Amino acid sequence: MRWIQGIVAAAALLTVTACGEQTAATGSGSAEAGGPPPASKELSRSPEEVPGGGPVPKGQIDASALPEGHPVDVAVDEGGRTLTIVAQEGGCTRASATVAEQTAQRVEVTLVESQPADKNTMCTMDMRYPPLTVDLDEPLGKRVVVLEHKRDTH
């Protein structure tokens, strides 16, 4: 009976090890799209790591409407007319970004996490952090970037 328990334990260990090696070999997509999420709602990257230019100062970003743990990485290109925002998606969801409103004081960007309408779809549990770009009518300047979040079905 003990040898059966030993075989079961060895099989479980091999399964866990094989899954870990497969994840390391294939990757979860997070390394290509920005790596792991930041630990807090602050800029988590240095300027040379953010695609498209320098980071927007954290005091110029209102991320209060984002879900807990969502990355807060916003960069602006040298001309000030393009924002690059690190979004969050996973499994079957896909992220997109749109400029909802632009005023003299603020730029509101809505991050949309779309999920399939079919609730019976099998989805993986991986998280990805793709950089998304939005174009502005005028350079960002000192305007505040307000990040909104919504879930949608497609």
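Okay, let's start with a contact: arginine 128 and aspartate 126 meet through their side chains in a salt bridge, 2.8 Å from N to O. By salt bridge I mean a side-chain nitrogen of Lys or Arg within 4 Å of a carboxyl oxygen of Asp or Glu. Salt bridges with shared partners join Glu89, Asp126 and Arg128 into one network. Arginine 128 is buried, and aspartate 126 is too; buried is under 20% relative accessible area, exposed is over 50%, and partly exposed is in between, with a 1.4 Å probe and protein chains only.

Quick caveats: this is a predicted model, so local features need pLDDT of at least 70 and side-chain atom pairs count only at pLDDT 80 or more, while totals for chains, interfaces and linings use all residues. Residues are numbered from 1 along each chain as its sequence is written, and side-chain values use heavy atoms, with hydrogens and water left out.

Back to the salt bridges. How many turn up in a search of the whole structure? Four. One of them pairs glutamate 113 with arginine 151, the closest N and O atoms being 3.6 Å apart. Glutamate 113 sits in strand 7 and arginine 151 in strand 10, so this pair ties together parts 38 residues apart in sequence. Strands here are DSSP runs of E, at least two residues, numbered from the N terminus. Glutamate 113 is buried at 6% relative accessibility, whereas arginine 151 counts as exposed at 53%. Then there's glutamate 108 with arginine 106, where the closest N and O atoms are 2.5 Å apart. Glutamate 108 is buried at 15%, and arginine 106 is partly exposed at 30%.

Four strands make an open sheet in the order 2-10-7-6, with mixed pairing; two strands pair if DSSP finds at least two bridges between them. The edges are strand 2 (61-62) and strand 6, each pairing on one side only. Strand 2 runs parallel to strand 10 (residues 144-153) over two bridges, and aspartate 62 has valine 146 as its bridge partner in strand 10.

Next, the disulfide, meaning a pair of cysteine sulfur atoms within 2.5 Å. There's one in the structure: cysteine 92 to cysteine 123, with the sulfurs 1.9 Å apart. The pair links distant parts of the chain, 31 residues apart, with cysteine 92 in the loop between strands 5 and 6 and cysteine 123 in the loop between strands 7 and 8. The link is left-handed, at -110° about the S-S bond. Cysteine 92 is buried at 18%, and cysteine 123 is partly exposed at 39%.

Both cysteines show up again in the largest pocket: it has 17 lining residues, and Gly90, Cys92, Thr93, Gln115 and Cys123 lie nearest its centre. Its volume is about 230 Å³. Points are joined across faces, edges and corners, and volume is the space filled by probe spheres set on them.

Last one: which strand gives the most to the lining of the largest cavity? Strand 7, with three residues. That cavity is about 30 Å³, and its lining includes His70, Glu113 and His149.

Methods
1 Å grid on protein atoms, 1.4 Å probe; cavity = no way out; pocket = protein on both sides within 12 Å on 5 of 7 lines; lining within 4 Å.
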